[in-house]
Amino acid sequence: MQALITTAIAVATMLAYAIPGYLTVKSKLIKPESISAFSVVLMYVCQPMLTITSFLNATYSLNFFWQMIVAFVLAGVLQFFVIIIAYLCLRKYYDKDIKYRVATVATAFGNCGFMGVPLLQAIMPETVRNNAVVLSVMFLLGLNLIGWTFASYLISGDRKFISAKKALINPAMLGLVIGLPLFICGVELPKEVFTCVELLGKMTTPLCMLILGMRLATITFKEMFCSLFQYAIVGVKQLIMPMLAMLLVWFIPIDFYIRQSLFILAAAPVASITLNFAEMLGKGQKTAANLVLLGTLLSVLTLPLMAVIMNVVPDVYMMSQ
């Protein structure tokens, strides 16, 4: 019950950030065509700073470094498996409507950075909280490697996106290239510099929610709430994918908090980066916006449910031994 309440409060608090974004667009203080500029700040400034901050707040050890590698591999396998299954199920419809291409990406990509980090900070024990946040970076790294390559190809239909250059040169890698050496070497930034980096990193969740609120003001509720197809995609992402994550990690000999972290990160709602990719590629923006917004709103229900399962299943398993 405590997990249910804590998660519900955390999600509701995050969604509250969307209200000012919605009101500023509805009142015409911000024009819809300006929203993409906020997305650029989010992806190219705040996201790398969040990655760097996550590394700086954690303590390096060789054992934890290997745990990070394991988490990266597991997260990559999980996301790639889900997106491939979705691709095999939906590819025959790709020529009919762009929404099927966008939906394929949405089934596997979750807001593991913008929403995953504050969720982990809210529900994980204090003793492992900082390490759990670093694991979200590894999850996000796998997402970005797939996103800037295979997922971009799926949305655009252009094979040029499947390249090592796209995989290695992107905002997520920037944060990793800077943050990882500082983490391994135990470097402490000057207080003023760290405060600046930390504040920019903490902007990710409020800014992400503000952008979602702005997008919400540009679409009709009928488009978002009256499509069974969109509910199905959200269900796959936010209910089925975390259960697959549980099956994937359950019998692997890793620390229990890593299993919990990967499970809750897999349960994160449809990623706003899905919309960012659609906007960047100029295709499927409306479908992407609908899926991101619907998934985020429904996360008020799905995330607390997943939090309860995360706590109940281990108890049942231990009782059966």
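**Figure 1. Helices H4 and H14 cross in this predicted model.** The axes of H4 and helix H14 (residues 256–266) come within 11 Å of each other. They cross at roughly 35 degrees. Axes here are lines fitted to C-alpha atoms, for helices over the stretch in contact, and angles run from 0 to 180 degrees between N-to-C directions. The crossing of H4 and H14 is right-handed. A crossing is right-handed if the near helix is turned clockwise from the far one by less than a right angle, and left-handed if anticlockwise. From H4, the contact takes in Phe64, Gln67, Ala71, Leu74 and Leu78. From H14, Tyr257, Ile258, Leu262 and Ala266 take part. Contact means heavy atoms within 4.5 Å. The contact of H4 with H14 has eight nonpolar residues, one polar and no charged. Ala, Val, Leu, Ile, Met, Phe, Trp, Tyr, Cys and Pro count as nonpolar, Asp, Glu, Lys and Arg as charged, and the others, Gly among them, as polar. Helices (H or I, at least four residues) are DSSP runs, numbered from the N terminus.

Residues are numbered from 1 along each chain as its sequence is written. In this predicted model, local features need pLDDT of at least 70, side-chain atom pairs count only at pLDDT 80 or more, totals for chains, interfaces and linings use all residues, and side-chain values use heavy atoms, with hydrogens and water left out.

**Figure 2. Helix H4 also packs on helix H13.** H4 spans residues 62–90, and H13 spans residues 228–249. Their axes lie 11 Å apart, at an angle of about 140 degrees. That angle makes H4 oblique to H13. Angles under 35 degrees count as roughly parallel, over 145 as roughly antiparallel, 65 to 115 as roughly perpendicular and the rest as oblique. H4 passes H13 in a right-handed crossing. On the H4 side are Leu74, Leu78, Gln79, Phe81, Val82 and Leu90. On the H13 side they meet Phe229, Ile233, Met241, Leu244, Ala245, Leu248 and Val249. By class, the residues of this contact are twelve nonpolar, one polar and no charged.

**Figure 3. Glutamate 198 and lysine 202 form a salt bridge.** The structure holds two salt bridges. A salt bridge is a side-chain nitrogen of Lys or Arg within 4 Å of a carboxyl oxygen of Asp or Glu. Side chains of opposite charge can pair when their charged atoms come close. Between glutamate 198 and lysine 202, the N to O distance is 3.8 Å. Both residues sit in helix H10 (residues 191–202), four residues apart, so about one helical turn separates them. An α-helix has 3.6 residues a turn, so residues three or four places apart point the same way. Lysine 202 is exposed, at 55% relative accessibility. Buried means under 20% relative accessible area, exposed over 50%, partly exposed in between (1.4 Å probe, protein chains only). Leaving aside neighbours within four places in sequence, glutamate 198 is in contact with Thr53 and Asn57.

**Figure 4. Lysine 286 and glutamate 223 form a salt bridge.** The side chains meet at 3.2 Å, N to O. This pair links distant parts of the chain, 63 residues apart. Lysine 286 belongs to helix H16 (residues 285–320), and glutamate 223 to helix H12 (residues 221–225). Glutamate 223 is partly exposed, with a relative accessible area of 28%.

**Figure 5. Helix H5 is mostly covered.** H5 spans residues 99–106. Seven of its eight residues are buried. They are Tyr100, Arg101, Val102, Ala103, Thr104, Val105 and Ala106.

**Figure 6. Asparagine 144 and serine 299 are two buried residues.** Asparagine 144 lies in helix H7 (residues 129–156). Its relative accessibility is 1%. Not counting residues up to four places away in sequence, asparagine 144 touches Gln47, Asn170, Ala172 and Ile273. Serine 299 is found in helix H16. Its relative accessible area is 0%. Leaving aside neighbours within four places in sequence, serine 299 is in contact with Val11, Met115, Gln238, Pro269 and Pro304.

**Figure 7. Lysine 28 sits in a loop.** This loop runs between helix H2 (18–26) and helix H3 (35–57). Lysine 28 has a positive phi of about 65 degrees, although it is not a glycine. Lysine 28 is exposed, with a relative accessible area of 72%.

Note on methods: Helices (H or I, at least four residues) and strands (E, at least two) are DSSP runs, numbered from the N terminus.
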